[in-house]
Structures are given as C-alpha cells and as structure tokens.
Amino acid sequence: MFDLKKNYEVSRKLAAQGMVLLENNEHVLPIQSMDRVGIIGKECLNLIKGGGGSGNVKCEYVKSFADGLREKAEEGKLIFVENTIEIAEKTEAYDVCILNQIAATTDKVIITMQRQGTEGEDRTVEEFGPTAQEVELLQNIEASDIKKVILILNFANVVDLSFIKKYPKVKSVLFASMPGMECGSAIMDVLCGDVNPSGKLVDTIAYTYEDYPTAEWFNYNPRETKYQEGIFVGYRYFETFAKEKVLYPFGYGLSYTRFEYSNYGFVEEEDNIKITLDVTNVGACAGREVVQAYCSAPQGKLPKPALELKGYAKTKELNPGETETLNIQFAVKEMASYDTEGVTVAKAAWVLEKGIYRIYVAKSVRHLYHCGDYEVAETMATEQTINRFTEEKYIQKQCRFSDDIFEIGEKISLYDVSDGKADMDSFINQLSAEELISLGLGQPIAFPMGTSGIGNLKKYGVPNPQTADGPVGVRRSVNTTCFPCSTLIACSWDQELQFAMGAAMGYEGYSTGIDILLGPAMNIHRDPLGGRNNEYFSEDPLISGKTAAALVKGLQSEGLCATLKHFAANNCEDSRNVNNSIVEERALREIYLKGFEIAVKESNPAYIMTSYNLLNGEHTSANAGLLRGILRDEWHYEGATMTDWRNGVSMVDEVIGGNNIKMPFGYPDEGEKVLKAYQEGKIPLRMLRENAFYVVNSVMKTRSFKQHDFGIIHKMEGESLDIPVLKVNGLASARITHARREDGAEYLFHLNREQRNQRSFVYYVLDIPKEGEYRISAEICTNCPETQIWFYDEDGNRLGTAYCSVATDESKWYTVETKINLKKGENMLKLVFANEPYKEYEYFFAGPEIPNAWPELAKEDIWMAKLKLSYVNK
Ligand code: BGC
C-alpha cells in the first residue's frame with residue numbers, strides 16, 4: 001500500500017513525548033547499558049495499544065515489550081533477559097520462588113498494570129483500585145530478591161495509584177497510557193533515555209475514587225446526570241477545596257534532567273497578557289520542558305477556581321546549560337467568568353470582576369512562579385450573550401433563505417458554484433423539498449468498515465463523500481497507523497507533533513478514499529470512570545481545545561475534513577442514548593463547551609458530530625439553543641453538523657433544532673417524516689434550504705468534490721467516445737499525468753506505481769440514449785503482466801471485467817473490452833484497475849461495496865486512453 005513507515009515514526013515519537021514519569025527513585029531510570037532487564041507478568045506480553053470502538057484501529061503490528069527490549073539490546077543500550085518472556089508465557093501467578101529465579105538474572109524488572117476503555121460502557125469502581133492479582137504480585141515481589149521494579153501504567157483513565165507507596169521496590173512509575181501500535185518501542189525509548197520524558201499529566205490523580213467531586217453523582221441514574229459540581233471539575237475542584245486529596249497534581253511530570261525558570265514576567269498589550277520566561281536546562285542530559293500559565297482570579301460575587309490554565313508552551317530539546325525564551329499569550333477576556341444569573345453587573349454575560357488577577361508560570365498546578373498581577377479596577381462585562389438553556393426556547397430571527405418558490409432555469413451543478421458560474425443560493429433554490437431532505441440523510445457506504453457517506457445528489461454534481469472513524473487513526477479494513485490514544489496525545493502538550501499526527505492521518509485517509517474523519521473526539525474527562533476517556537483529551541477545556549485544533553489543522557492541511565465530536569456534554573457511556581446531562585449554563589460555557597469553542601474558532605473543522613445524550617432535557621441533535629444559538633449565532637460556525645450513529649432521535653425535531661445530517665445511511669423513513677412535516681407546514685422550506693446549504697457547503701471541502709475539479713476529461717468529449725461523456729472524475733489525489741502518445745492521441749491517464757498504490761479508479765458520467773447492452777472498450781498498455789479493469793455502477797454492482805494479460809511498455813497498446821448493461825439517461829460508471837491474484841479480496845464485493853482501497857495493487861504502471869462505448873444490436 002502507500003508508505004506508512006513515516007507515519008509509524010510520528011506515532012512512536014508522539015507516544016514517547018506524551019508519557020509521564022510519575023516516580024523515579026534511586027535513579028532506576030534511565031536504564032543503563034549494563035543493566036540486565038526482564039519482564040514479569042502476562043500483561044507485559046500483550047500491551048494495550050488503544051481503546052475499543054471507534055478508537056480501535058487495524059494496524060500492521062503492535063510492538064510488544066519483547067520487541068522494544070530486543071531493539072534496545074541490539075543497540076547496546078541494555079541486556080535483555082529473554083527468558084523472562086518465556087516464563088511470562090507459562091506462568092499464571094508468580095510465587096516467590098519464580099521471582100527469585102528472575103532476580104538472580106536481572107537487575108531491573110518491568111511490570112505493567114492494564115485497564116481497557118471503550119465506548120458504550122463505563123469503567124467500574126472495582127477497576128479503579130488494584131486487583132487482587134496485582135496486589136499479590138506486588139506482595140510477592142516485596143518478599144522476593146527482586147530489587148528494582150519499573151511499573152508501566154498501560155491505561156488512559158485515572159486509577160487509584162496510592163497503593164504503590166506501600167511497595168518500596170517499585171522505584172519508577174511511567175504513565176504510558178495507550179501508546180498506539182509502537183507501544184513497546186516507545187516505552188523503551190523513554191525507559192532507556194533515548195527520549196527524556198517530557199509529558200505532563202492532563203488529569204488530576206487523587207488518592208481514591210471517592211475523592212473526585214463527581215463520584216457520588218456519576219452514573220447514579222441511567223436517565224440523568226446532574227453536574228452538581230458545576231465548574232469545579234478536576235484540578236479546579238482539588239486546588240480550590242481539597243488539595244490534600246491529590247496524589248499527582250494536574251500538569252505534573254518528571255524528567256531525567258532539571259529545568260530552572262528565570263526572568264519571568266508579563267506585559268499587557270492590546271488586551272492580551274504576554275508572558276515571557278527563560279527556561280534553562282540545569283541538569284546533566286538533554287530534555288524538553290512543558291511550561292504552563294495559570295491565572296488565579298479574585299473571589300468576587302461569582303465563586304472562582306483557585307487556578308485556571310490559560311496557556312502553555314513546550315521548549316525544544318535543550319542541551320545541558322542551554323536556555324530558551326518562551327512566550328505564552330492569552331487574551332485578558334479569557335480570565336472572565338460567565339455570569340448566568342446576573343449577580344455581578346450583567347446577566348448572561350462574560351464578566352471580569354474587579355480585583356487582582358495573579359498570573360503564574362508553572363511546572364505543574366502545584367509548582368508556580370508568580371509572574372505578576374493584573375488589576376481590574378471596576379467589574380465589567382466583556383461579552384453579552386443569551387442564556388441558551390435556562391430561558392425561553394430559541395427562536396431563529398434571521399435565515400439566509402426564503403420560502404419563495406423560484407422558477408427553475410437551466411440545471412445548476414455544484415461545480416458551477418465552485419467555478420463561480422452560479423451562486424450558492426440559486427443552486428439551493430432550484431432543489432425540490434425531496435432533494436433538500438435527501439441531502440440531510442446519511443448516504444451509502446463505499447467500502448468495508450466505512451461508516452457512511454453524505455451528500456450524494458449526483459445529478460447536481462454533489463458526490464458521496466465517505467466518513468470513517470476515528471480519533472486515533474483512520475479506521476479501515478486495510479492497515480493504517482494506530483496513533484496513541486487521545487489522552488496521551490494531550491499529555492505531550494506538543495502542538496507541532498499533534499499537527500504532524502493530524503497531517504499523517506489526513507494523508508492516510510485521503511489515500512484510502514476517505515473524505516471525512518470522525519474525529520477528534522474531545523469531551524471533558526469529568527470522571528475517572530468515563531468509558532471513552534481514552535478517546536478524549538483531558539479534564540481541562542483549554543488543553544482539550546488546543547489539542548483538537550492542532551489535530552484538525554493537520555488533518556485539513558492534507559485535504560481530509562475533520563469532525564469534532566461529541567457536541568456536547570457526553571461524559572458517561574452507560575445508557576448514553578437516554579442519559580440527560582443536567583448542566584448549569586456557567587459550567588457549560590466555561591468547561592464543557594469551551595474546548596469546542598477554542599477548536600471551532602482556531603481550526604474551523606468542516607464537521608461537528610452531536611452527541612447521543614440529552615442536554616438539559618433535549619437531545620443535543622435537536623437542541624436549537626446549542627446548535628443554532630451557540631454554534632451558529634455566537635461562534636459563526638459555517639460547517640455542517642451530523643448526528644451520532646443511530647441515535648434514535650426524530651429527524652423532524654433535528655431539522656428544527658438545527659442538526660444538518662442524520663447519520664448513518666439507512667433511514668429513508670425519517671426523511672419521509674420530514675417531508676410530511678414540511679407538507680403540513682411544520683417545517684418551512686427555508687429551514688430545509690438552510691440545512692442543505694450547510695451540507696453542500698461542507699461537501700465542497702471534501703476530497704470527492706475536489707477531485708471532480710480536475711475536469712481532465714472534458715477534452716475527450718466527442719473525440720474518442722461514441723457516447724458523450726458528461727464528466728469524468730476520480731483518482732486518488734487526482735494526480736493524473738497528461739501526456740500524448742506517439743501517434744498524437746492524448747492519454748486519459750497514466751498511473752505510475754505510487755499513484756496506483758493509492759487508489760486506482762476513475763468515474764465516468766455517461767448519457768446513454770437507450771437502455772440496453774453496450775460494448776465497452778478501452779485502449780490500455782501496461783508493464784504489469786495481468787491487468788483488469790472492473791466496471792461498476794453507482795450502487796457498487798460489478799457490471800463486467802475487461803482483461804489484459806500482456807505486459808509491454810508504452811509503445812504497445814491493446815484494446816480490452818467487455819459487455820455491460822446500461823440504463824437510459826445518466827449512468828455513473830466506475831472503472832477500477834486491478835490485477836491477479838485478487839481472489840483473497842473477493843469479500844470486498846459482498847454487498848454494495850466498492851474496493852476503493854486495494855491492498856495488493858499491480859506493482860507497475862498502467863496507461864489508458866480512449867474509452868469507447870457502442871450499442872450492441874440484438
Ligand atoms: C460513536 C461515534 C462514531 C460512530 C461511527 C458511534 O457509536 O459514538 O463516535 O464516530 O459510532 O462509527
């Protein structure tokens with residue numbers, strides 16, 4: 001397939017950059033070249049690469065500890081005691097005797113603690129603490145001759161780690177989270193010091209589950225969740241009310257070196273707080289440092305958290321003695337609080353209360369350096385809004401479209417709009433109610449493990465762009481790169497690498513025929529038991545928003561559209577479709593919507609997916625306050641919104657609420673209900689038009705649409721085809737080479753090896769004069785010994801195959817042909833290029849699926865010219 005190796009490197013690098021060193025006593029880490037290192041425990045044989053559900057990516061391999069240790073041993077960085085792997089394979093429970101055997105041959109041993117995480121179910125309180133087996137192993141280790149234990153935490157959710165202190169032989173603890181396909185190697189990079197750990201925690205680790213402010217209220221009732229802790233989530237709670245309950249604070253992480261901060265201070269310029277500081281590596285080895293900026297707002301009429309993260313930066317790799325000056329900037333108004341009730345100077349407004357705002361730079365939320373104070377002389381509102389969830393229902397005041405019926409002129413295609421030949425409003429106004437509604441429905445899936453298409457109004461030039469999960473890699477039936485889970489990505493605090501990961505996924509998605517990635521996922525880690533915490537970033541909205549924005553920018557830089565999900569307040573998984581999140585407006589604004597707001601404003605994602613849950617009594621997908629009020633009116637979002645899959649909510653309510661696409665494919669009856677509501681006057685035409693506008697506006701950003709832009713084939717019209725070709729589109733990346741044959745004929749295209757390996761197909765739209773059997777022929781030449789062209793109709797049915805079993809070079813051309821049945825009028829024909837052996841991929845053809853991504857393509861070049869179609873007289 002296409003080259004994934006470079007992306008595997010990004011995955012490994014990001015994983016290592018995210019890992020957080022929690023303990024390192026007696027300098028057990030980094031491992032030294034003479035250290036004899038082994039593993040203990042079956043868990044070490046199968047590391048968990050990532051979470052389940054939409055976060056589960058099919059990849060070529062998952063590096064184990066054995067792989068990682070072997071790599072380092074080969075590089076002379078440690079001595080790998082290989083037989084500890086064999087022992088692990090056959091040992092269920094390690095008694096002191098076995099441990100003593102291991103102790104005799106090792107200096108340091110690695111053990112792991114694992115927990116899974118997946119959508120659709122939350123974790124349990126039992127899983128939060130150590131299991132009986134884990135305790136037994138640690139007790140036996142203490143009783144044995146083993147001396148130095150390195151504990152690897154292979155999970156994303158926070159668990160109880162206070163028990164570790166009872167086992168003094170556990171010298172080092174590394175939070176490796178779910179590190180993706182390169183896990184064994186990335187962990188060993190950190191343990192050996194090839195990468196000096198620089199990740200910092202994005203969640204507070206408290207002593208026990210009961211210490212979390214949400215514990216009592218998490219999942220107490222399948223039908224509702226009261227967010228009674230308000231804005232006091234994570235460190236906002238612990239630092240304000242319960243400092244003593246914290247084992248590892250937010251933002252904490254150790255390094256093999258030490259950093260000193262100096263010359264820290266800030267200036268206010270153009271309503272921004274601009275912090276500068278010098279960071280010097282004062283230790284003995286190179287490393288990177290994450291610097292956080294916090295604000296402590298004055299307690300006024302609105303209660304405030306003791307500290308809030310307002311910005312951050314990460315140094316480059318600093319050599320011992322080296323200094324870097326960092327800048328961190330944020331707007332003054334970012335220090336404001338939301339006043340729902342009007343207890344200060346304004347109701348439903350962001351307010352800066354008078355008093356001293358203390359500004360800090362920090363190594364963690366507990367390790368602060370005071371930069372100075374910012375004084376607000378008089379309480380002031382910085383932005384007036386409307387309470388969207390506590391007051392009367394949202395009423396739309398303005399709509400871009402009217403209910404007028406227009407006379408239909410010549411058909412306008414979406415390409416006419418993109419070419420500037422027609423305007424968008426005329427395009428929309430020509431569509432019937434049925435057509436407008438169909439644009440709001442999920443569309444057929446074009447390949448295995450795809451999730452659904454959208455758009456698909458071909459006669460108006462609207463293609464069927466394809467979606468695929470998910471947040472940590474492109475989830476396909478073919479191998480792609482499995483990146484670290486979202487929590488670990490956030491722990492890197494490294495926006496450059498996050499961008500690189502987005503770009504890598506963008507490339508993979510684009511190359512395997514995807515248009516829209518269903519990620520990043522970015523809900524708040526409200527509670528440590530959240531089933532999808534591994535897919536989400538952090539307990540803090542700023543780091544969630546910035547991380548999501550970096551990923552979206554990366555994805556979209558490669559032409560893949562991103563989807564922020566799940567909008568909003570999806571914080572538990574058990575009964576996720578019926579659970580009503582009851583959240584006060586201030587907590588929504590400051591915590592649960594804040595990250596989305598940052599990502600929307602900084603990265604403009606093409607799509608947003610609403611969540612399954614209800615929010616303050618209404619499903620989010622039908623929530624006009626959320627979708628029309630906040631997203632459109634306040635944030636000026638112009639992309640499209642889609643539902644989560646099979647959410648069971650009425651599409652009529654969703655259209656009224658402002659959700660644009662009902663996902664996935666397969667709910668035509670919902671469309672019929674919308675049509676009925678329109679006919680009965682319950683849904684105005686302008687609403688259907690506006691909805692369709694957002695859909696096509698976003699479709700225009702997709703790969704599928706852009707490929708049509710190449711318009712190569714217009715030139716061929718009437719020239720080499722007996723039947724007029726309306727349009728020919730396709731080819732991954734549309735990297736089509738134009739060339740001329742010696743006899744002067746123009747190539748339709750030339751696929752070289754690299755292009756072929758990306759995606760080898762081409763679409764034709766043909767105008768067929770009468771229904772019947774047609775002979776279709778093409779002139780091709782190829783240096784691949786066995787080439788076939790497979791012809792498909794638009795529903796993915798294979799119509800015929802043309803074979804060419806002779807390899808030549810560009811000098812010799814062959815005519816290949818087959819017969820196919822075509823209907824009268826417009827026919828979409830898809831040509832897929834393949835070669836033998838293909839039998840093992842036959843399953844690709846079950847159902848209406850088209851093999852867009854071909855795992856084993858011909859290794860050589862193919863040229864093709866002159867597609868001909870002629871009617872076969874019967
Ligand atoms: C998940 C989404 C996912 C969708 C499509 C749903 O179950 O909640 O996050 O994108 O399925 O796979």
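How far from an oxygen atom of the ligand does a polar side-chain atom of K565 lie? The answer is 2.9 Å.

This is a predicted model, where local features need pLDDT of at least 70, side-chain atom pairs count only at pLDDT 80 or more, and totals for chains, interfaces and linings use all residues. Residues are numbered from 1 along each chain as its sequence is written, and side-chain values use heavy atoms, with hydrogens and water left out.

**View 1. Who sits around the ligand.** The shell holds 13 residues, and E119, D469, R532, H566 and D644 come nearest (near means a heavy atom within 4 Å). Sorted by class, that shell has six charged, four nonpolar and three polar residues (Ala, Val, Leu, Ile, Met, Phe, Trp, Tyr, Cys and Pro count as nonpolar; Asp, Glu, Lys and Arg as charged; the others, Gly among them, as polar).

**View 2. Arginines at ligand oxygens.** An N or O atom in the R532 side chain is 2.8 Å from a ligand oxygen. For R576, the side-chain N or O atom is 3.4 Å from an oxygen atom of the ligand. The protein covers 89% of the 310 Å² of accessible area that the ligand has on its own (Shrake-Rupley method, 1.4 Å probe).

**View 3. The largest cavity.** Here a cavity is a set of points, on a 1 Å grid over the protein atoms alone, where a 1.4 Å probe fits but cannot get out; lining residues have an atom within 4 Å of a point. Residues lining the largest cavity include D203, Y212, H525 and R526. By class, its lining has four nonpolar, four polar and four charged residues.

Note on methods
Polar contact = N/O pair within 3.5 Å; in protein donor to acceptor, adjacent residues only side chain to side chain. 1 Å grid on protein atoms, 1.4 Å probe; cavity = no way out; pocket = protein on both sides within 12 Å on 5 of 7 lines; lining within 4 Å.
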